[in-house]
Amino acid sequence: MPKLPRQEVEEIALLARIHLTPQELDAMESELGAILEHFGSISAVDTEGVVPMTHAVPIEMPMRPDVVEASMPTELALFQVPKRDGDLIVVPAIIPGAE
C-alpha cells in the first residue's frame with residue numbers, strides 16, 4: 001500500500017482547515033494511502049472505446065422551451081432592501097480598506 005508522506009498529510013489537513021492529533025495523522029497516512037492505491041487500480045482499467053456517461057442508468061432529460069418573459073419590476077424587487085443607491089443594493093464592505 002503506498003504511504004503518503006506525513007508532511008503531505010499535514011498539508012492536506014491544513015488546506016482542509018482541520019486539526020489532527022498525531023494519532024489521527026498516523027491513521028490518515030494509511031487511509032489516504034489506501035485511497036490512492038484504489039485509484040491506481042481504477043486507472044489501470046482499460047477504458048478504450050468506452051463512451052463517457054453522466055449517469056449510471058439511462059435517463060431522459062426533458063427540456064422546456066426557452067421563452068423570454070417579462071422580469072419583475074425593479075421597484076418591486078428592491079421593495080424591502082434595507083439600504084440602496086438607486087437601483088443598487090448597498091451592503092457592508094468585507095474587504096479591509098475598501099470602504
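**Entry 1: nonpolar core**

I began with the largest nonpolar core of this predicted model. I found five residues in that core: Leu4, Val9, Ala13, Leu20 and Leu25. I recalled that nonpolar side chains tend to be buried together in soluble globular proteins.

I then took Leu25 from this set and listed its contacts, leaving aside residues up to four places away in sequence. Leu25 touches Arg6, Val9, Glu10 and Leu20.

**Entry 2: helices α1 and α2**

I looked up how helix α1, residues 6-15, is placed against helix α2, residues 22-43. Two packed helices are described by the angle between their axes and the distance between the axes. Here the axes come within 10 Å and cross at roughly 105 degrees. I therefore recorded α1 as roughly perpendicular to α2, since an angle of 65 to 115 degrees counts as such.

Which residues form this contact? From α1 I listed Arg6, Val9, Glu10 and Ile12. From α2 I listed Pro22, Leu25, Asp26, Met28, Glu29 and Leu32. By class, the residues of this contact are six nonpolar and four charged, with no polar residue.

**Entry 3: Arg17**

I checked the loop between α1 and α2 and stopped at Arg17, which lies there. Most residues other than glycine have a negative phi. Phi of Arg17, in contrast, is positive, near 60 degrees. Is Arg17 buried or exposed? I recorded Arg17 as exposed, because its relative accessible area is 71% and the cut-off for exposed is over 50%.

**Entry 4: the whole chain**

I counted three helices and two strands in the protein chain. Read from the N terminus, the elements follow the order α-α-α-β-β.

I next examined the overall dimensions. The radius of gyration of the protein chain is 26 Å, whereas a compact globule of 99 residues would have one near 13 Å. Along the principal axes, the C-alpha trace spans about 65 × 45 × 20 Å.

I also looked up burial, and buried residues make up 9% of the 99 residues. Among contacts with a separation of 6 or more, 31% join residues 24 or more positions apart.

I placed Pro65 in the loop between α2 and α3, the latter being residues 74-77. Pro65 counts as exposed because its relative accessibility is 62%. From Pro65 to Leu78 there are 13 residues in sequence and 29 Å in space, C-alpha to C-alpha.

For the second pair I turned to Thr74, which lies in helix α3. Thr74 counts as partly exposed, given its relative accessibility of 38%. Thr74 and Asp87 are likewise 13 residues apart along the chain, and their C-alpha atoms are separated by 7.2 Å.

Definitions and conventions:
Residues are numbered from 1 along each chain as its sequence is written. This is a predicted model: local features need pLDDT of at least 70, side-chain atom pairs count only at pLDDT 80 or more; totals for chains, interfaces and linings use all residues. Side-chain values use heavy atoms; hydrogens and water are left out. A nonpolar core is a set of buried Ala, Val, Leu, Ile, Met, Phe, Trp, Tyr and Cys residues joined through side-chain atoms within 4.5 Å. Buried means under 20% relative accessible area, exposed over 50%, partly exposed in between (1.4 Å probe, protein chains only). Contact means heavy atoms within 4.5 Å. Axes are lines fitted to C-alpha atoms, for helices over the stretch in contact, and angles run from 0 to 180 degrees between N-to-C directions. Helices (H or I, at least four residues) and strands (E, at least two) are DSSP runs, numbered from the N terminus. Angles under 35 degrees count as roughly parallel, over 145 as roughly antiparallel, 65 to 115 as roughly perpendicular and the rest as oblique. Ala, Val, Leu, Ile, Met, Phe, Trp, Tyr, Cys and Pro count as nonpolar, Asp, Glu, Lys and Arg as charged, and the others, Gly among them, as polar. The radius of gyration is taken over C-alpha atoms; the globule rule is 2.2 Å times the number of residues to the power 0.38.
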